[in-house]
Amino acid sequence: MAELLDDLSGFEFEDLMEDVFRNLGYEDVRQSTKTGDEGRDIVMEEVVDGTRRAVVVECKHTERVGRPVVQKLHSAVATHSFDGPKRGMVVTTGTFTGPAREYAEQLRSNDDPHRIELLDGTDLRAIGDEIGFDLYNGRIEILCDETLRPSDPSAGVHAPVRDAFRDVENIDARDIPAPVATADFRPVLEITAETDATFETSVGVVHRERGQDRILVEAERGHPSEADPTVRRLVTNNLNQRVTLDEDSLGEAFDDIEIHRFGQTETEHKDWAVERIRENRTTSVEYTGDNNVTYDETCEPSLSDVSVQSIDPVYLPRIRQVVTLQQYSYPYEYYNAGPSRETLENGVHRCVHCDAASAETYTYCANCGSINCGSHTKTERLEGTPICTGCAVTERFVFSTKYFYDRENLDTFRTEYESMPVHEQLMENRPLTAGLLLGVLGLAFFLLASTGLL
């Protein structure tokens, strides 16, 4: 961490400290405007013994910090607008001069209401170790050791696939072979923010925009993106289903695992979320001016109107299981969160011949291992069990197509068919036989009617 701290720019150092303070448990952590901050680089709040207190932070990315910096911050704290107790903090990558430390100590010994805490580079490195920050490529990486449950512990890893096979006819879900199961752990962040914006014109307040937003961010490498509503509900409804991301135990449960890294810093995700909230909460209102003219006003919350309350990182397991039955493989992929899941791909409920994914029923063909919709499932004539149209051997008997597992079954039925009485042969095509009977009856009725017997 030492080398990186020395390489950061002043603004990058402020970004870093914002992440650090948020992870230390401070609330409503936010940066002041980059210029003209009057000695306030970061402002935040803490709760001590039930009392909420403001903390004003000055960040100095220099080798030595003297007394004037501490004095300036003391004045900034005194004039900071906050209804309650408040204190200051100076953080630096370097060290403090003797006079600077003496001034801070003097404030403490005099029981000054606006004390100043000093944190030097050594203190910051100790804090970094404490909160588990790992640095790479000159940036601060979000570390997370928690994941939503990749499986329901009461049912087992393979339960979702076996549940899918319970809806397939002609196969017992308990008899399917163990699937090959892999797990991808995808980083997500739940960002909670409060908006409090008031818009005024010469006639007074024309609009107020207030409320809380909870955004679920897909946080892999690349630009952040908001998760779709179904995934958001899955995560937010199951945030209590967390377990430790233990690679050893997960390696025993799954055939392969991959853990993706968080792609941006907390500050980058926060900035993205704030801009998204500002955009979503921008609205147009109409108001009537003093001159009785109607005006349109675009009300867009400012950066200071949106306050990020929390950034909660967690991994979302994406599970893929593949079952192989003879010459066919069936994938089943889903996001998992304890007993809940969101299906992404259901290759079990899909006909191998027409790719139908919404059939009323699916049937397993024990002859070739295929799963088929009703249009591609027939009854094997000799044994009376299901067979798919893709592997069946066919032949016509009394103009009716019969389906067989193989040539041997066909030859066996041929022999049986040749020894059948004529009426049994005719019954091999019941619709045709019924049609012939109706035709004979109709002809008889016609003859009787034409001869006057009816």
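With a relative accessibility of 34%, Asp 246 counts as partly exposed, a class that lies between buried, under 20% relative accessible area, and exposed, over 50% (1.4 Å probe, protein chains only). The structure described here is a predicted model, in which local features need pLDDT of at least 70 and side-chain atom pairs count only at pLDDT 80 or more, whereas totals for chains, interfaces and linings use all residues. Residues are numbered from 1 along each chain as its sequence is written, and side-chain values use heavy atoms, with hydrogens and water left out.

Asp 246 is located in the loop between strand 15 (242–244) and helix 8 (247–253), where helices (H or I, at least four residues) and strands (E, at least two) are DSSP runs numbered from the N terminus. Together with Glu 247, Asp 248 and Glu 252, Asp 246 forms a negative surface patch; such patches are made of residues with over 30% relative accessible area and no salt bridge, like charges being joined within 9 Å and nonpolar side chains (Val, Leu, Ile, Met, Phe, Trp, Tyr) within 5 Å.

An open sheet with mixed pairing is formed by three strands in the order 11-22-23, two strands being taken as paired if DSSP finds at least two bridges between them. Strand 11 (168–169) and strand 23 (371–373) stand at the edges with a single partner strand each, so that one side of each is left without a neighbour in the sheet. Strand 22 (residues 362–364) pairs with strand 23 in the antiparallel sense over three bridges, and Thr 363 has Asn 372 in strand 23 as its bridge partner. Antiparallel pairing over six bridges also joins strand 17 (residues 283–288) to strand 18 (residues 294–299), with Ser 284 opposite Thr 298.

Across the whole structure, 38 salt bridges are found, each defined as a side-chain nitrogen of Lys or Arg within 4 Å of a carboxyl oxygen of Asp or Glu. In one of them, Arg 22 is joined to Glu 18, with the closest N and O atoms 2.9 Å apart; both residues lie in helix 2 (residues 10–23), four residues apart, about one turn of the helix, and both are buried. Arg 381 forms a salt bridge with Glu 428, in which the closest N and O atoms are 2.8 Å apart. This pair links distant parts of the chain, 47 residues apart. Arg 381 is partly exposed at 29% relative accessible area, while Glu 428, at 10%, counts as buried.

Methods
Accessible areas come from the Shrake-Rupley method with a 1.4 Å probe; for residues, only the protein chains shown count as cover. Lys and Arg count as positive and Asp and Glu as negative; His and the chain ends are not counted. The place of a charge is taken as NZ of Lys, CZ of Arg, CG of Asp or CD of Glu.
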